[in-house]
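This briefing describes the architecture of one protein chain, topic by topic. Please read it alongside the sequence and the coordinates shown here.

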Amino acid sequence: MCAARSTESSSPPFPGPATRCGHTRDFDQQVSWLATQCSKSAVTVLMRIAWRTVGSIINRVWKDTAKTFDPFADLKRIGIDEISYKRGHKYITVVVDHDSGRLIWASPGRDKATLRKFFDALGEERSAQITHVSADAANWIATVVAERCPQAVRVADPFHVVQWATGALDEERRASWNRARKAAEENEPARGRGRPPKDAPERPDSQKATKLKNSRYALWKNPEDLTVKQKVKLDWIVQTDPRLGRAYYLKEGLRTIFRLPHADAVVALDKWVSWARRCRIPAFVKLQKSIVKHREAILASIEHGLSNGRIESMNTKIRLITRVAFGFKAPEALIGLAMLSLGGRKPVLPGRG
C-alpha cells in the first residue's frame with residue numbers, strides 16, 4: 001500500500017500509477033538508492049512504504065534509467081549464464097560484458113526463446129561485432145549463438161569442464177565403495193550387536209568401504225590444498241584401489257591442461273582423450289566423448305584466456321540481491337534491482353548526482 005506523500009517538489013511526478021500514489025521522481029530515486037545500499041527492513045521503515053511498492057518503484061526507475069544510455073555500446077566479448085532465483089525451476093538468463101565487467105542484460109527464463117530476445121535487442125549489426133562468447137556447454141546457448149553470431153569464438157568455461165571430470169571421479173568413487181561393500185558382505189561373517197570382542201578377526205573389506213566412503217574431499221580437492229590427513233588417504237587410495245587412483249589422475253590431468261600454453265595444451269588434450277578412451281572406467285570413457293565434442297571451445301578458452309569466472313562472480317552478487325528481493329511480486333523488479341546495482345548505472349541521492 002502506498003503512503004500519502006507530499007508532492008511539493010521541483011521534480012515533476014511520474015505519470016499514471018505513480019501520480020496516484022503521490023510518488024515524486026525524487027522520492028522514487030531515493031527509494032531506489034536505498035534499495036541498492038540498505039536492507040529491506042531499513043528501506044521500508046525509513047520510507048514508510050510496503051516492500052512490494054519498493055519493487056514497483058525499482059522497476060520504474062530502471063526503465064527510465066535504461067533510456068538514458070546504451071548498454072550495448074562497444075560490446076565485443078560476452079558471457080552467458082543462467083541463475084536460479086526461486087524454487088520450482090525459476091531461472092534468469094544473464095549476459096555480462098567481459099571487458100567492462102557490467103551486467104548488460106537479464107530476462108526471466110532459461111531457453112532458446114529467452115536468449116533470442118537478447119540478440120533481438122542487440123540487433124543484427126551489433127551481433128556481427130561480437131568476437132567471443134563464453135558459456136557452459138548448454139545446448140540452448142550454443143544453438144542460439146551459432147544462429148545469431150556464428151563468427152564469434154565460442155569459449156567453454158574451464159570450471160565447468162573440470163566439474164565434469166570431478167563428477168566422473170565421484171561416480172567411480174561410489175562404484176569402488178559399492179564394490180568394497182559387496183566384497184564385505186560376501187567375504188566377512190555378519191557381526192552381531194554390541195562391541196566386537198578383542199580377538200575378533202579383522203574386516204579388511206568393511207574397513208576399505210568405510211575409508212572410501214569418507215574419501216570424497218581427498219579426491220575432490222586440488223593437491224596443493226590437501227591437508228596432511230587427506231594426503232595420507234589419497235596415497236592409500238592409489239595403493240589399494242588402482243582403478244580409483246587412475247580416475248583421480250585423469251581428473252587432475254584434465255585440470256592441469258588449462259594451466260598450459262596453448263600449443264602444449266593442444267597436444268596434452270589429445271593425449272588425455274586417448275588415455276581416457278583406453279582407461280576402462282565407464283564414467284571417463286563417456287566424459288572423453290564430451291571433451292571431443294567441445295574440443296575447439298575448450299582450447300579457445302586456453303588460447304584467449306577467457307572463462308565464466310567473471311559471470312560466476314556476477315551470479316554470486318545476484319544471489320545476494322535475490323535474498324534482498326524476496327517478496328517482490330514479479331522477477332522484473334529483481335532484474336531491475338540487479339541492473340541498477342551491477343549495470344554501471346547506480347542510482348544517486350536526489351540533489352547529489
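Helices, taken here as DSSP runs of H or I with at least four residues, are numbered from the N terminus. The model is a predicted one. Its protein chain holds 17 helices and five strands. Of the 353 residues in the chain, 45% count as buried. Among contacts between residues at least 6 apart in sequence, 60% join residues at least 24 apart.

**Two residues in their surroundings**

- R173 belongs to helix α8, which spans residues 158-187.
- With a relative accessible area of 4%, R173 is buried, since buried means under 20%.
- Leaving aside residues up to four places away in sequence, R173 touches L212, K213, S215, R216, L219 and L244.
- One of these contacts, K213, lies 40 residues from R173 along the chain, and the two C-alpha atoms are separated by 8.0 Å.
- T240 is located in helix α11, residues 228-240.
- The relative accessible area of T240 is 33%, which makes this residue partly exposed, as that class lies between the 20% limit for buried and the 50% limit for exposed.
- T240 and K208 are 32 residues apart in sequence, with a C-alpha to C-alpha distance of 8.7 Å.

**The sheet**

- Five strands form an open sheet with mixed pairing, in the order β3-β2-β1-β4-β5.
- The edge positions are taken by β3 (103-108) and β5 (153-156); each has a single partner strand, so one side of each is left without a neighbour in the sheet.
- On average, neighbouring strands of this sheet are turned by 25° against each other, direction ignored.
- Strand β1 (residues 77-86) and strand β4 (residues 132-135) run parallel and are joined by three bridges.
- G79 has S134 of β4 as its bridge partner.

**Helices packed on the sheet**

- Helix α15 (residues 295-304) packs on the sheet and touches β4 and β5.
- The direction of α15 makes about 95° with that of β5.
- Helix α16 (residues 309-324) lies across β1, β2 (90-97), β3 and β4.
- Relative to β1, α16 runs at about 30°.

**Helix pair α2 and α3**

- Helix α2 covers residues 25-37 and helix α3 covers residues 40-47; their axes come within 9 Å and cross at roughly 155°.
- The two helices are therefore roughly antiparallel to each other, because the limit for that class is an angle over 145 degrees.
- The crossing of α2 and α3 is right-handed.
- On the α2 side the contact is made by F27, Q30, V31, L34 and A35, and on the α3 side by V43, L46 and M47.
- This contact of α2 with α3 comprises seven nonpolar residues, one polar residue and no charged residues.

**Helix pair α12 and α14**

- The axes of helix α12 (residues 242-257) and helix α14 (residues 282-293) come within 11 Å, with a crossing angle of roughly 20°.
- That angle makes α12 roughly parallel to α14, because angles under 35 degrees fall in that class.
- The crossing of α12 and α14 is left-handed.
- In this contact, R243, A247, L250, K251 and L254 of α12 meet P282, F284 and I291 of α14.
- By class, the contact of α12 with α14 has six nonpolar, no polar and two charged residues.

**Helix pair α13 and α14**

- Helix α13 (residues 262-278) packs with α14 at an angle of about 150°, and the axes are 8 Å apart.
- α13 and α14 are therefore roughly antiparallel to each other.
- The crossing of α13 and α14 is left-handed.
- From α13, the residues L269, W272, V273, A276 and R277 meet F284, V285, L287, Q288, I291 and V292 of α14.
- The contact of α13 with α14 contains nine nonpolar residues, one polar residue and one charged residue.
- F284 and I291 of α14 meet residues of α12, and F284 and I291 also meet residues of α13.

Technical notes
Residues numbered from 1 in each chain as written. Predicted model: local features only at pLDDT ≥ 70, side-chain atom pairs only at ≥ 80, totals over all residues. Heavy atoms only, no water. Axes fitted to C-alpha atoms, helices over the stretch in contact; angles between N-to-C directions. Parallel < 35°, antiparallel > 145°, perpendicular 65-115°, else oblique. Left-handed = near helix turned anticlockwise from the far one by under 90°. Contact = heavy atoms within 4.5 Å. Nonpolar A, V, L, I, M, F, W, Y, C, P; charged D, E, K, R; others polar. Pairing = 2+ DSSP bridges. Buried < 20%, exposed > 50% of the residue type's maximum accessible area, 1.4 Å probe, protein only.
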